[in-house]
Amino acid sequence: MRTKMVAFAYTIAGSEATGGAGFQVDLKTFHQLGCYGAGALTCIVSFDPNNHWAHRFVPVAPQIIADQIEAATAAQDLDTVKIGMLGHPDTIHTVATALKKQPWKNVVLDPVLICKGQEPGQALDTDNALREEILPLATVATPNYFEACTLAGMEKLATVEDLAEAAKRISALGPKYVVVKGGTEFPGPDAIDVLWDGSEAIVYSAPKIGNERVSGAGCSLAAAITAELAKGTEIRIAVKIAKELVTAGIQARVSGHTPFDTVWQGAYASKQA
Ligand code: PXL
């Protein structure tokens with residue numbers, strides 16, 4: 001008998017070998033929120049401890065990405081997907097083609113635009129391909145401060161109204177819902193995220209926990225929104241829960257020999273217990 005006891009959340013993202021970002025964060029977050037996680041790897045990022053933790057980036061061959069998506073979409077009736085780092089125009093084209101093969105209820109795009117290991121020229125091609133081929137397929141986009149400036153064509157985001165304006169402009173490029181993450185770059189004492197829901201801007205705010213960026217916060221937020229949408233949660237509540245998961249995860253952050261800390265996704269569930 002084909003019964004589905006649990007919501008499925010799918011990710012198409014890159015591996016970040018230390019576990020602090022990307023695919024690993026997506027699966028951990030899905031699991032913490034009670035979803036069955038599955039995914040396709042688009043690239044492998046290995047930080048270089050002998051070179052200031054620079055990103056060593058290796059794309060996965062397009063056919064292997066297509067094969068992974070074929071396997072997962074054949075095994076399950078998936079309707080909710082998160083898209084993380086794609087990193088190469090060929091990857092973007094492959095993922096766009098695969099996505100178009102079936103209907104999706106929720107396509108959550110975390111528009112990862114810049115990876116330190118990439119050539120600037122290639123990064124520009126990647127940005128353009130993402131904007132042209134993936135953004136129109138997304139139902140939700142979750143740009144960070146820099147990604148929002150780039151996609152919205154705004155120089156800076158100085159006020160909450162600017163965050164809302166950026167979200168609205170990006171929504172015009174495809175996704176009905178846009179969550180702009182202010183993060184540490186947004187001025188002031190609070191970590192502010194703004195959801196444009198197609199008709200109004202909803203502001204989510206929590207006091208900043210320090211002023212250092214914590215790795216995996218953006219991935220965790222988008223993955224948590226994905227997991228909640230997969231369970232059928234309404235977008236405003238999904239973003240609220242995602243923000244709570246990230247805030248708890250930053251409070252309980254994990255440090256290592258890296259110059260940055262990472263989010264502990266398990267903190268949210270232990271707080272609820
Ligand atoms: O946080 C952005 C991100 C996403 N995906 C992968 C990454 C990173 C940042 O390092 O490596 C695979």
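This is a predicted model: local features need pLDDT of at least 70, side-chain atom pairs count only at pLDDT 80 or more; totals for chains, interfaces and linings use all residues.
Student: Which element gives the most residues to the shell around the ligand?

Tutor: The ligand is surrounded by ten positions that include G14, S15, E16, V45 and F47. The elements that give two or more residues to this shell are β1, which covers residues 8-16, and β2, which covers residues 36-48. With three residues, the element that gives the most is β1.

Student: How much of the accessible area of the ligand does the protein cover?

Tutor: Among the residues that surround the ligand are A21, G22, H55, M85 and C219, and by class the shell divides into five nonpolar, four polar and one charged. On its own the ligand has 320 Å² of accessible area, and the share of this that the protein covers is 82%.

Student: Are helices α2 and α3 roughly parallel or roughly antiparallel to each other?

Tutor: Helix α2 (residues 62-75) and helix α3 (residues 89-99) have axes 9 Å apart, and they pack at an angle of about 25 degrees. Angles under 35 degrees count as roughly parallel, whereas those over 145 count as roughly antiparallel. The two helices α2 and α3 are therefore roughly parallel.

Student: What is the handedness of the crossing of α7 and α8?

Tutor: The axes of helix α7 (residues 217-230) and helix α8 (residues 235-251) come within 8 Å and cross at roughly 140 degrees, and that makes α7 oblique to α8. The handedness of this crossing is right-handed.

Student: How many nonpolar residues are there in the contact of α7 with α8?

Tutor: On the side of α7 the contact includes A217, L221, A224, I225 and L229, while on the side of α8 it includes I235, V239, L245, V246 and I250. One residue of this contact is polar and two are charged, and the number that are nonpolar is 13.

Student: Which residues in α1 meet α7?

Tutor: Helix α1, which covers residues 22-32, has an axis that comes within 9 Å of that of α7, and the two cross at roughly 40 degrees. The pair is therefore oblique, and α1 passes α7 in a right-handed crossing. In α7 the contact is made by C219, S220, A223, A224, T226 and A227, and the residues in α1 that meet them are G22, V25, D26, T29 and F30.

Definitions and conventions: Residues are numbered from 1 along each chain as its sequence is written. Side-chain values use heavy atoms; hydrogens and water are left out. A residue is near a molecule or strand if one of its heavy atoms lies within 4 Å of it. Accessible areas come from the Shrake-Rupley method with a 1.4 Å probe; for residues, only the protein chains shown count as cover. Helices (H or I, at least four residues) and strands (E, at least two) are DSSP runs, numbered from the N terminus. Ala, Val, Leu, Ile, Met, Phe, Trp, Tyr, Cys and Pro count as nonpolar, Asp, Glu, Lys and Arg as charged, and the others, Gly among them, as polar. Axes are lines fitted to C-alpha atoms, for helices over the stretch in contact, and angles run from 0 to 180 degrees between N-to-C directions. Angles under 35 degrees count as roughly parallel, over 145 as roughly antiparallel, 65 to 115 as roughly perpendicular and the rest as oblique. A crossing is left-handed if the near helix is turned anticlockwise from the far one by less than a right angle, and right-handed if clockwise. Contact means heavy atoms within 4.5 Å.
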